[in-house]
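Dear colleague,

My notes on several of its helices follow it.

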Amino acid sequence: MGQGQGCGSSSSGCCQALGDDRFMVRAPGKKKALLIGINYRGSMNELRGCINDVTHQQQVLKEHYDFADSEMMILTEDQAKEKYPTKSVIHSGLRWLKEGMNSGDLLFVHYSGHGSQFTLPDNTVADCICPLDSLEGKWPDTVILDTEIHRELYDTVPSGARCIAIFDCCHSGTIANLDVKRALPVAPEFRPKPRFMTPPKSAGVKTSLPRPIGGIRRALVSGKLGDHLLWVFSGCQDDETSADAYEDGQFQGAFTWGLVKSLKFDSCATDYVGLLEQIRENIDIYPQTPALTTTKTDYLTYPYLGKDLAVVNRLLDSAVEVPTGRKKALLIGCNYRGKKFELRGCANDAKHRKSVLMQCFGYKESDILILSEDEPRDRWPYKQNILAGIAWLLDNATDRDMLVFHFSGHGSRITDSTGSDPSGFNDVICPLDCDRPWPESVISDFEIHEALYDRLPPGARLECFYDCCHAGKRESAGSSYRDSKLIPMVPEEYNRKRFLPPPEALTQPGNSFAMSPLSCVRSPVKVKKGKGFRLAVQTHSGYKEQQIWTWTACQRDQAAADCYEDAHFQGAFTWAFLRALEANAFSARQSTLMQVVRRIMGSRYPQQVPAMSTTNRNNFDRFHLGNRQPMKQALAAADGKTASVGYIRRGL
């Protein structure tokens, strides 16, 4: 494993059980940032937001990541002429960035400007970024090729140093223009344009040019750079364009705007993959999908710019109040028995959660309500019973209570008929009676917001878990589940997606968003600032004063697995979550718990990356369910002194 930095664990059991030095707190080293923004003023390729990108990035680095002015080099057309971002000046900046840097140090590069591609004599395609002097100079002499970026940056990063590179540009000219305009109260007449520069017809190509090695981003996964700590963000996919746009009263890159907006949130997730998802959510009405590449899978869950270190050092020994009010839990597991979309592990998820809550967190059986097909029929997980269960969960709740809501079953995504979600879709969970007409028989994210989040008393704590997914490939009727009643000869081979395709009539975006993705009016009054079951608690200002944590089994575009682990059918996420609790002796801070859950998932289900959001950044360092006391039996098991306690695997 590479030398990453992560947040500390509240008990020795986590590190010893998992053997991962990412959870040890380390002092940060030196840091430098090279920020490049090129507007190409006065040219036919002029952009308007790149210099603003640099200004905003500089502000975030200073205010949120403690960069000093002396630790940043700015190259824009607003600087003195010797700081104009020509090719030679950019190369000098890259050399400055690496000077005096060693293991443990942080190097940060941001580029906003045009990107391009052109074909070499052997018909391979070279990616490049376009310095200011590429407007009139001969290509490729005046552009910076991907091979040069590798040679001058990636290949020569000091061993053990961390390097983060951000490219808000594009390398495909397949979209000639973005036929959109972002509606604003006083928006100028400005059409977002792609940050792609068409190579001049006279672009000369030297036969001695090095062969492209995978572009600016993708080559990181080639294995050549496996010993480096590298992360590269791109504003879009290889076949898309990054928009030079107008947001919040300023010209700026759509991607950089989404990045900065995420980092300024009090409840911003601090690891790379969580940040990527937030950026994608922020710019979801732009036809570009930001990308992230790193040198090892584990690095996806490292803290962005090592931010967690400061939080852990400050709060590691701080007292966190233990709730003294009532503890209640609503646990829902839908197996849909006898239906063509049957699952096998959801009822077990509810049983396992109940066992752990009672044995490890002091919940009384009378204060736990299970809705599953293993219960008497009046407690089967029909929609009416789930909504009644939510009302029971909140009944007489006070500011000292600790509440748990868990749903295991199918999720889906349907047309948003209200015009409230900029994606045009609502995420839903599927009760047992979801074989009746939709959307009446499913429960939407906004129904959960109104029934649960909005009614939580101030001061009460709520932890929500959704072991389902809201994305999947639509199959022909019956084809994806026709064998669902059959158990494989080897149960360990069982793996089914917890996604139920919606009816055909509900597969298209809502009418308010049926236009070009960027031509819609996004009214701040009408749009609830947050989507789905999880992100709403993070981005909606109405929840900022509440204490809510929401966990989802995967990212919004991934699938959650119904699987077979530890001799039980169960959800992959629920299994990993309870394993992570056991590894931490059932006492862990939320941020630590997330890191361990993802590591366990990565070893078995790398295609599924769990996520967690909360209403305030400080909540990441609260203990799960307020439990600050590790269980002695679990600690002994983690140290190898006794047999495993087995709270999870017994499935009581």
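This is a predicted model: local features need pLDDT of at least 70, side-chain atom pairs count only at pLDDT 80 or more; totals for chains, interfaces and linings use all residues.

Residues are numbered from 1 along each chain as its sequence is written, and side-chain values use heavy atoms, with hydrogens and water left out.

Helices (H or I, at least four residues) and strands (E, at least two) are DSSP runs numbered from the N terminus. Helix H3 (residues 87-98) has twelve residues and reaches 17 Å from its first C-alpha to its last, close to the 16 Å expected at 1.5 Å a residue; the expected span is 1.5 Å times one less than the number of residues. Nine of the twelve residues of H3 are buried (under 20% relative accessible area, 1.4 Å probe, protein chains only), among them Val89, Ile90, Leu94 and Trp96. The buried residues of H3 pack against strands S1 (31-37), S2 (72-75), S3 (106-112) and S6 (144-145), and against helix H4 (146-152), where contact means heavy atoms within 4.5 Å. Glycine 100, with a positive phi near 75°, follows H3.

Helix H14 (residues 590-604) has 15 residues and reaches 22 Å from first C-alpha to last, close to the 21 Å expected. H14 is also mostly covered, with eleven of its 15 residues buried, including Leu593, Met594, Arg598 and Ile600.

Turning to the pairs, the axes of helix H9 (residues 346-361) and helix H13 (residues 572-583) come within 10 Å and cross at roughly 15°. Axes here are lines fitted to C-alpha atoms, for helices over the stretch in contact, with angles running from 0 to 180 degrees between N-to-C directions. H9 is therefore roughly parallel to H13 (angles under 35 degrees). Asp349, His352, Arg353, Val356 and Phe361 in H9 meet Thr574, Phe577, Leu578 and Leu581 in H13. The residues of this contact divide into five nonpolar, two polar and two charged; Ala, Val, Leu, Ile, Met, Phe, Trp, Tyr, Cys and Pro count as nonpolar, Asp, Glu, Lys and Arg as charged, and the others, Gly among them, as polar.

Helix H2 (residues 50-65) and helix H6 (residues 254-264) pack at an angle of about 20°, their axes 10 Å apart, and are therefore roughly parallel to each other. On the H2 side, the contact residues include His56, Val60 and Tyr65, and on the H6 side they include Leu259, Val260 and Leu263.

Yours sincerely

Conventions: Buried means under 20% relative accessible area, exposed over 50%, partly exposed in between (1.4 Å probe, protein chains only). Angles under 35 degrees count as roughly parallel, over 145 as roughly antiparallel, 65 to 115 as roughly perpendicular and the rest as oblique.
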